[in-house]
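Please look through the sequence and the model side by side, and keep both in view while reading. The paragraphs below go from single contacts between side chains to the layout of the whole chain.

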Amino acid sequence: MKKVTVVHRELSYPQTFADYAAQIGYASSAKVVDQTTNIPDILSFIEREASDLILLGVNFTGGRDGRGLEVLARVKTNPHTASTPVVMVSGGYDARQEAIRRGANGYITGFEEFKRILDQYFTQS
């Protein structure tokens, strides 16, 4: 069974994405983060989950902290997670170019795009 891991600062995003993935037959896990969540803990969670796709929030606060971009860079340099597709999630601050430069496989801004991403990674050969 394919698995999606969602790491985001807003409770509604990880839970909504994880619930939808589970509803259509994918395993899922979710972690809510904030400015106090340390990056090594997030990386351990991601590695432990061993997912087929990671959805990662760009910011861990209401501002433009970009901590998700730092996590992305580390995920892409970790031999255990480097090959896992990472799609960045942001409802506002547009860090698309920076995310792609750091190795993101995609960038979405909402739930409808999430459905498209699942189709892209899990239903096409």
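Predicted model: local features only at pLDDT ≥ 70, side-chain atom pairs only at ≥ 80, totals over all residues.

A polar contact is a pair of N or O atoms within 3.5 Å, and within protein one of the two must be able to donate a hydrogen and the other to accept it. S29 lies in strand β2, and the side chain of S29 makes a polar contact of 2.9 Å with the side chain of T5. A further polar contact, of 3.1 Å, joins the side chain of S29 to that of E49. Is S29 buried or exposed? Its relative accessible area is 10%, and because a residue counts as buried under 20%, S29 is buried. Leaving out residues up to four places away in sequence, S29 touches K3, V4, T5, V6, F45 and E49.

From this strand we can turn to the chain as a whole. The protein chain has five helices and five strands, and along the sequence they follow the pattern β-α-β-α-β-α-β-α-β-α. Of its 125 residues, 46% count as buried. If we take the contacts between residues at least 6 apart in sequence, 63% of them join residues at least 24 apart.

Which residues of α1 are buried? They are P14, F17, A18, Y20 and A21, and because they cover an arc of only 165° around the axis, they lie on the same side of α1. What covers these buried residues includes the strands β1 (3-8), β2 (27-32), β3 (53-57) and β4 (86-89), together with helix α5 (111-122). After α1 comes G25, whose phi is positive, near 100°.

A pair of aromatic rings is described by the distance of the centres and the angle of the planes. The structure holds one aromatic pair: the rings of Y20 and F114 have their centres 6.0 Å apart and their planes at 70°, so the pair is edge-to-face. This pair links distant parts of the chain, with Y20 in helix α1 and F114 in helix α5, 94 residues apart. Both Y20 and F114 are buried.

Strand β4, named above among the elements that cover α1, is itself covered on both faces, with V86 and M88 buried on one side and V87 and V89 buried on the other. The strands β3 and β4 pair in the parallel sense over four bridges, and here I54 stands opposite V86 in β4. Strand β4 also pairs with strand β5 (residues 106-108), again in the parallel sense, over three bridges, and M88 stands opposite Y107 in β5.

A last stop is A104, found in the loop between α4 (96-101) and β5. At 9% relative accessibility, A104 counts as buried. Its C-alpha is 5.7 Å from that of V87, although A104 and V87 are 17 residues apart in sequence. Apart from its neighbours within four places in sequence, A104 is in contact with L72, V86, M88 and A99, and two of these, V86 and M88, are buried on one side of β4.

Conventions: Residues numbered from 1 in each chain as written. Heavy atoms only, no water. Buried < 20%, exposed > 50% of the residue type's maximum accessible area, 1.4 Å probe, protein only. Helix = DSSP H or I, 4+ residues; strand = E, 2+ residues; numbered from the N terminus. Arc of directions from axis to C-beta. Contact = heavy atoms within 4.5 Å. Phe/Tyr/Trp six-rings, centres within 6.5 Å; stacked < 30°, edge-to-face > 60°. Pairing = 2+ DSSP bridges.
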